[in-house]
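Visitor: I would like to go through the side-chain contacts of this model. Please keep the answers brief.

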Amino acid sequence: MSLADKGSVTYHNGEKYFVQANEVKEVIDTTGCGDSYHAGFVCSHLINGNIYEAMRVGTELATETLSHYGGF
């Protein structure tokens with residue numbers, strides 16, 4: 001679940017995982033941030049199976065998306 005500028009949280013097998021949002025100097029457009037996050041999460045999780053790392057990768061991609069106009 002995205003918590004926007006407060007990070008994201010995931011629950012798996014009764015365990016809670018939390019990753020803080022990255023600091024962003026200027027938000028240009030939030031269009032596509034959720035899609036970018038989920039794409040990064042799913043791809044990373046399929047590659048390495050680590051939920052925390054998948055959340056971190058999703059956060060990185062969502063942060064990059066914030067710096068562009070429109071879906072990225």
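Visitor: In which helix do Arg 56 and Glu 53 both lie?
Guide: This is a predicted model. Arg 56 and Glu 53 sit 3 residues apart, about one turn of the helix. Their side chains meet in a salt bridge. The helix that holds both residues is H2, residues 51-65.

Visitor: How far apart are N and O in the salt bridge of Arg 56 and Glu 53?
Guide: A salt bridge needs the nitrogen within 4 Å of a carboxyl oxygen. The Arg 56 and Glu 53 pair meets that cut-off, with N to O at 2.7 Å.

Visitor: Is Glu 53 buried, partly exposed or exposed?
Guide: Buried means under 20% relative accessible area, and exposed means over 50%. Glu 53 has 26%, so the residue falls in between. Its class is partly exposed.

Visitor: Which residue forms a salt bridge with Lys 6?
Guide: The search of the whole structure finds 2 salt bridges. In the one with Lys 6, the closest N and O atoms are 3.7 Å apart. Lys 6 is exposed at 57% relative accessibility. The partner, exposed at 64%, is Asp 5.

Visitor: Which element gives the largest share of the largest nonpolar core?
Guide: That core has 10 residues, among them Tyr 17, Phe 41, Met 55 and Ala 62. Strand E2 (15-19), helix H1 (33-48) and H2 each give two or more residues. The largest share, 4 residues, comes from H2.

Visitor: Which residues is Ala 62 in contact with, leaving aside neighbours within four places in sequence?
Guide: Ala 62 belongs to the largest nonpolar core. Beyond those sequence neighbours, Ala 62 is in contact with Cys 33, Ser 36 and Tyr 37.

Note on methods. Residues are numbered from 1 along each chain as its sequence is written. This is a predicted model: local features need pLDDT of at least 70, side-chain atom pairs count only at pLDDT 80 or more; totals for chains, interfaces and linings use all residues. Side-chain values use heavy atoms; hydrogens and water are left out. Buried means under 20% relative accessible area, exposed over 50%, partly exposed in between (1.4 Å probe, protein chains only). A nonpolar core is a set of buried Ala, Val, Leu, Ile, Met, Phe, Trp, Tyr and Cys residues joined through side-chain atoms within 4.5 Å. Contact means heavy atoms within 4.5 Å.
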